[in-house]
Amino acid sequence: MSRKKQADYKIEGTRGIFAYLFGLSGLINILALTGAFYMLQIYDRALTSGSISTLVALSVLAIGLYLFQGLFDILRSQILVRLGARLDTKFAPLTHEVVVEMPRYGYSSAEAAERGRDVDTLRSFLAGQGPIALFDLPWIPVYLLFVWLLHPVLGILTLGGAGVLAALTILAEILTRRHAQTMIKAAVTRNAVMDSNTRNSDVLHAMGMTRRAVDRFERANQYHLEHQTKTSDIGGTLSGISKVLRMMLQSAILGLGAYLAINGELSAGAIVAASIVTTRALAPVDLAIAQWKSVVSARRSYKRIKETLAVLADKGDFIPLPKPSHSLRVDNITTVAPTTGAVLLSDVSFEIKSGQALGLIGPSGGGKTTLVKSILGIWPVLRGSVRIDGADLGQWAEDFYCDHVGYLPQDVSLMEGTIADNICRFAEEPDPRKIILAAKTAGIHELIVHLREGYQTELGPHGTSLSAGQRQRIGLARALYGEPFLVVLDEPNSNLDAEGEEALTAAITAVRQRGGIVIIIAHRPSAIQAVDMIGLVQGGKLVSFGPKDTLIQPKTRPLVVEKSERQPMTSAAE
């Protein structure tokens, strides 16, 4: 069963629970008439008869009914809380999977985080008063019928009050929806600024930009608060109006009931009963207006959760393919920027075989990183295909990347956990031998064992307890873990010393010797010492591709690299 079908099944499974809760709410609302019946019987029967036994019997019966009402109310609340927890358990991992993927498609981390909070919003709503108000609303006619049976005029007055409060609920929906989207966008913008400031705290402090960064956040936060205040004002104002109208209606019921009693058309007990029932009838409307902001948020979150689950429809079942061992072919691919749609890479084709290593060179901004992101499927290609052993990337399951691909990005970011956790990619059952082999291949084993906790050394956010060079070499070990078939390295020596560069060259050689494929983005010639193929990427195109010995001749013209890093090598393709 595909994930999409599983997700739909889980959503459908809640319908029975909601039907049960609706029926339970019916019992609660019928039992809520206990007070009215009790007062009606006290005034019209117990007081007029002077019977103590009747009073005791009525009181015992009322207490029993109240206990049942409270029990059912507690049961409904607990079911809603557990339903929220159940939905969180089912949806949170699926939603988080899409959230993790969102930045690849041009979404900011703040937008991804906002989508990730949808499950929390829905769970909090189910545990609050909003659902109780919605479940009680359909049972208002029961109270209106009771008041109508006491006297039609009282029923008409109560119906009119309910209509006015219903109009206020509709007004709350219209006015809240107007500001909701703007408030969400403002929250995303504020969170994006906050995330950017947090990630660049060192730079802000070193360059005296902290105050400016805080001012920038303050402006974004103020804009968010303005719209949040408007939304809250709408709910608060309409809630206040509804409370006043409800109290006025309650007094009107008492006054009109007294008038009818004076004329002999209504009993004293009926006056009190009508007042109690009218208050109870309009309470769900009052509560719904007060909770309407959370209702709107929950509805929006549920809609986005369904959209998020729909994205997983593209990830169906996969037929396991044999372990890759032959080739990587890039066939006429074109890639655009996820955010702007601008063409970054156009009509690139090449093929490399098992045991080969390709060095990608060229000026900054030429398209090298875009090319490797396309090869790894990080950025989807607009046209063309990337094939490993003849199979398009779309035919490989996620396990393929975990077992057969290693990637060292230009900006190395290690996750919170131990060094061993990071090297083994947080495998549930890590193989210590593979961890040590990867570390030794990356030339980092000796450094790790000299740490006080060795491989169990805990890393802070982004591996801040290590130097940039150490993070890069641990990132290299992570890329080499499990001896993957395809290893992609984006400027792997940017923070390495001479010893680290020697280890890098040895690692590339080791991958080639065992039949793997290596792709390296390089600005420094030392990074491509162990490669046998060269590709020159410039202006979003693969300008030249071929054997290194053919394309690069020593002691001739300089290699086309960044102006600040020219080396005594050349590309014959120039």
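**View 1. Where S6 meets S9.** Val405 sits opposite Leu486 of S9. Strands S6 and S9 (residues 486–490) run parallel here, joined by four bridges; two strands pair if DSSP finds at least two bridges between them. Helix H19 (residues 468–480) packs on the sheet and touches S6 and S9, its direction making about 165° with that of S6. Contact here means heavy atoms within 4.5 Å, and angles, from 0 to 180 degrees, are taken between N-to-C directions of axes fitted to C-alpha atoms, for helices over the stretch in contact. This is a predicted model, so local features need pLDDT of at least 70 and side-chain atom pairs pLDDT 80 or more, while totals for chains, interfaces and linings use all residues. Numbering starts from 1 along each chain as its sequence is written, and side-chain values use heavy atoms, leaving out hydrogens and water.

View 2. Six strands form an open sheet in the order S6-S9-S10-S3-S11-S12, with mixed pairing. At the edges are S6 (405–408) and S12 (541–547), each pairing on one side only. On average, neighbouring strands are turned by 15° against each other, direction ignored.

**View 3. A helix across the strands.** Helix H14 (residues 368–375) lies across S3 (357–361), S6, S9, S10 (517–521) and S11 (533–538), and runs at about 150° to S10.

**View 4. The whole chain.** The protein chain has 21 helices and twelve strands, taken as DSSP runs (helices H or I, at least four residues; strands E, at least two). Of its 574 residues, 45% count as buried, meaning under 20% relative accessible area with a 1.4 Å probe, protein chains only.

Key
Buried means under 20% relative accessible area, exposed over 50%, partly exposed in between (1.4 Å probe, protein chains only).
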